[in-house]
Amino acid sequence: MKKVLLISLVALLSACSTTYYQVYTIQSSDTEKTKANKYVYEDDNCLVMYNFWRDGGSPGFTFYNNTDSIIYVDLSKSFFVRNGIAYDYFLNRSWSFDERHSSSKSSAETQSKSTSHSAGIELDIYGVLRGYNYPAKVGISYGVNNSKGSSTYNSSTLELQSGRGVSVNESPIIPIPPKAFKSIDEYIINRGVIDDCNEKALYPKTSFSYTYLEKESPITFQNYITYKLSSGETKVVTNSFWVSGTTNCPEKEALVKLDKDGCGKALSNSIRVLKEGFAAPNKFYVVYTKKW
């Protein structure tokens with residue numbers, strides 16, 4: 001009996017772990033930081049905005065058209081560059097949608113719909129397909145079946161064809177109308193943690209921070225964005241960034257319980273969020289654990 005209890009205790013201890021957050025701070029020398037801690041680049045033609053905050057960090061950008069004519073962002077000549085390695089924004093992908101509809105009638109007509117998709121891609125609230133790669137290319141399929149016919153989407157056109165389902169082809173050219181914007185979000189800045197072989201710093205009891213100069217930063221990255229004006233003139237925007245600091249913090253020190261929503265109404269179930277000062281558009285985080 002004692003042997004069984006001992007084995008159970010060992011198994012329990014081996015399954016225990018502590019969660020930590022590594023929070024990264026980003027700096028830039030060629031974009032301006034707003035009061036809201038967003039990095040922004042602007043010229044007569046465009047405004048490029050950044051919000052890195054997410055798990056792993058988002059190097060993507062929002063491109064706003066300052067002109068009175070359509071601007072065409074050329075993804076085939078645009079790149080995300082991480083530590084000197086360039087990754088294409090145009091991946092020449094296609095998606096197949098497979099969506100099944102079924103309906104039945106009783107006192108009122110009801111309809112059910114099932115949609116499935118593979119990991120690694122998201123459909124935002126406007127129906128924009130977004131893939132997240134780190135930092136290599138991945139093949140992604142997204143399916144939505146339509147019993148009324150199939151459609152092929154290329155850039156801004158959608159046309160019905162015979163058959164079932166929808167086929168979506170990625171376009172290298174992104175047209176942006178005047179005084180409007182589109183967001184390009186494709187890669188992750190960093191998946192792993194920065195470890196300098198100091199276990200006390202990596203797994204601190206409270207928190208532990210590092211700072212880096214640009215020339216010694218462990219992570220530098222850049223967006224090389226090519227676009228064309230309606231006149232046919234081609235322009236290039238280059239925005240460069242580097243990790244200027246990291247803070248390692250145990251979960252109990254990083255999170256705070258939230259009982260109310262943004263309007264001050266009580267939540268049915270409280271949630272835990274990162275404390276004020278950790279979360280910001282010029283930062284991102286990576287979650288990691290220590291098993292003991």
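Trainee: Why does Lys179 count as partly exposed?

Mentor: Its relative accessibility is 45%. Buried means under 20% relative accessible area and exposed means over 50%, with partly exposed in between (1.4 Å probe, protein chains only). The value for Lys179 falls in between, so Lys179 counts as partly exposed. This is a predicted model, in which local features need pLDDT of at least 70 and side-chain atom pairs count only at pLDDT 80 or more, while totals for chains, interfaces and linings use all residues. Residues are numbered from 1 along each chain as its sequence is written, and side-chain values use heavy atoms, with hydrogens and water left out.

Trainee: What makes the backbone of Lys179 worth a remark, and where does Lys179 lie?

Mentor: Lys179 has a positive phi of about 55° and is not a glycine. Most residues other than glycine have a negative phi. Lys179 sits in the loop between β18 (173–176) and β19 (181–184). Strands are DSSP runs of E with at least two residues, helices are runs of H or I with at least four, and both are numbered from the N terminus.

Trainee: What is the phi of Asn83, and why is Asn83 called partly exposed?

Mentor: Asn83 is not a glycine, yet its phi is positive, about 50°. Asn83 is placed in the loop between β7 (79–82) and β8 (85–88). Its relative accessibility is 35%, so Asn83 is partly exposed.

Trainee: How do you know that β2 and β19 stand at the edges of their sheet?

Mentor: The sheet is open, with 5 strands in the order β2-β3-β4-β5-β19 and antiparallel pairing. β2 (32–33) and β19 each have a single partner strand, so one side of each has no neighbour in the sheet.

Trainee: Why is the pair of Tyr24 and Phe284 called stacked?

Mentor: The structure holds 23 aromatic pairs. In the pair of Tyr24 and Phe284, the ring centres are 4.3 Å apart and the planes stand at 10°. Rings of Phe, Tyr and Trp (its six-membered ring) pair if their centres lie within 6.5 Å; planes under 30 degrees apart count as stacked, over 60 as edge-to-face and the rest as tilted. Both values meet the limits, so the pair is stacked. Tyr24 is in strand β1 (residues 17–27) and Phe284 in strand β25 (residues 283–291), so the pair ties together parts that are 260 residues apart in sequence. Tyr24 is buried at 0% relative accessible area, and Phe284 is buried at 0% too.

Trainee: Why is the pair of Tyr87 and Tyr187 called tilted?

Mentor: Their ring centres are 5.9 Å apart and their planes are at 45°, so the pair is tilted. Tyr87 is in strand β8 and Tyr187 in the loop between β19 and α2 (199–202), 100 residues apart.

Trainee: Are Tyr87 and Tyr187 buried or exposed?

Mentor: Tyr87, at 17% relative accessibility, counts as buried, and Tyr187 is buried at 1%. Both belong to one aromatic cluster, which also includes Tyr39 and Phe241.

Definitions and conventions:
Pairing = 2+ DSSP bridges.
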